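Try each task before you read its solution.

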Amino acid sequence: MSSDGHRAAELNRRPRPRPHLVNPPGAAVAVGSFPLDGSQWFGRHQHPAHQLAWAPHGVLAVRACGRTWVLPSTVALWIPAGIPHSTGATSSALLRSLYFWADRCPLIWDEPQVIPVSGLLRELIGYLAQDPEVLGPEARHRAEDVVLDLLHPVSVTTVRAPMPTDPRARRIAEALRADPSDGRSLAQWGEVVGASARTLARAFVSGTGMPYGQWRTQLRLQAAMPMLAAGSTVSAVARRVGYGSPSAFVAAFRRGVGVPPGAYFAPAEHRG
C-alpha cells in the first residue's frame, strides 16, 4: 500500500468526533464543533448570533448573499446575525464555529467578512472550545476579549462561477466543472451543443453576468482552491485547471482573488 493509502486507512480507523457545543452561562461566545464529510452541507439557515465559520482541518465553503467563499484553514468568514447562508465542505473537514451574542458584541459588520486566522487566534479558538469544567468563567471572558481584538477583515475578492440558465451554455458549464482544464473555444463548443459562438457568448453574459472567458477563469480558480488547500503544488494545480505555466496561474489568481496563492494559503505562522 502507498504512503497515501496508509494515511487514508489510518484516518478511517480513527473515531470521528461528534458535534459538540460549548455555551457556558454568562459567556459572550459559544463554540460549536461539527465534523463534515466531503460534499456535506448544512442547508440554508440563519442564526440569531453572529458567526465566525472556520475549519482547522479541511476546506469550508459558505454560500451567502449570492456569493460563495472557499475557506482554507488560514481564513474564516464572519457571518452577521440574520444572514441566510449554507455551509459545507469541499473535502472532509471540521467546522469550528464561534457564535457571538449580538447584545454583547461590539462588532457591527452588516455583510460577511473574510478574517485571517493567525496562530494566536487559532490557539484561542481551541482554548475557548474547552468545556466549562476545564476553563473557568474569568479565564474564558479574558480570552473572549482577546478574540474580539484579533478579528480584522482582509480585502479579498469572492470567486464566483454561477451556472448559466441557457441549456446549451449550461451543458458547457457542466462539462467545464467536470474538467476545468478543457481549453475549447466557444466556437468549438458550439459544434458540440449546436449553437453559434455569438449565441453562446450572449448566453454566458445574460446567465452569469460575465463574458465566457472571465467565467471560465473564475471556474478554474474555484476548482484550484481545494487542491491548493490540500497541499498540492502550484505547478500541479496550474496544469490540472488548464494553465500553461505556474506563473500564468499565479497571475490569474492574484487578479481574481486579490492576493497570490502563496499568501492566501500560507500557514498562519508564515504570514505577517
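**Exercise 1.** This model is predicted. Decide whether F42 is buried, partly exposed or exposed.

*Solution.* Start with the value: F42 has 31% relative accessibility. Next, take the cut-offs: buried means under 20%, and exposed means over 50%. F42 therefore counts as partly exposed.

**Exercise 2.** Classify the ring pair of F34 and F42.

*Solution.* A pair of aromatic rings is described by the distance of the centres and the angle of the planes. For F34 and F42, the centres are 5.9 Å apart. The planes meet at 80°. Planes over 60 degrees apart count as edge-to-face, so the pair of F34 and F42 is edge-to-face.

Then widen the search. The whole structure holds seven aromatic pairs. W78, F100 and W109 form one aromatic cluster.

**Exercise 3.** Which charged residues sit over the rings of W41 and Y243?

*Solution.* Take W41 first. The charged end of R63 sits over its ring, 3.9 Å from the centre. Turn to Y243. R220 lies over its face, 5.5 Å from the ring centre.

**Exercise 4.** Describe how helices α4 and α6 are arranged.

*Solution.* Locate them: α4 spans residues 167-178, and α6 spans residues 197-208. Their axes come within 9 Å and cross at roughly 80°. Angles of 65 to 115 degrees count as roughly perpendicular, so α4 and α6 are roughly perpendicular to each other.

Now list the contacts. From α4 come R168, A169 and I172; from α6 come T199, L200, A203 and F204. By class, that is five nonpolar residues, one polar and one charged.

Terms used
Residues numbered from 1 in each chain as written. Predicted model: local features only at pLDDT ≥ 70, side-chain atom pairs only at ≥ 80, totals over all residues. Heavy atoms only, no water. Axes fitted to C-alpha atoms, helices over the stretch in contact; angles between N-to-C directions. Helix = DSSP H or I, 4+ residues; strand = E, 2+ residues; numbered from the N terminus. Parallel < 35°, antiparallel > 145°, perpendicular 65-115°, else oblique. Contact = heavy atoms within 4.5 Å. Nonpolar A, V, L, I, M, F, W, Y, C, P; charged D, E, K, R; others polar. Phe/Tyr/Trp six-rings, centres within 6.5 Å; stacked < 30°, edge-to-face > 60°. Buried < 20%, exposed > 50% of the residue type's maximum accessible area, 1.4 Å probe, protein only. Lys NZ or Arg CZ within 6 Å of the ring centre and 35° of its normal.
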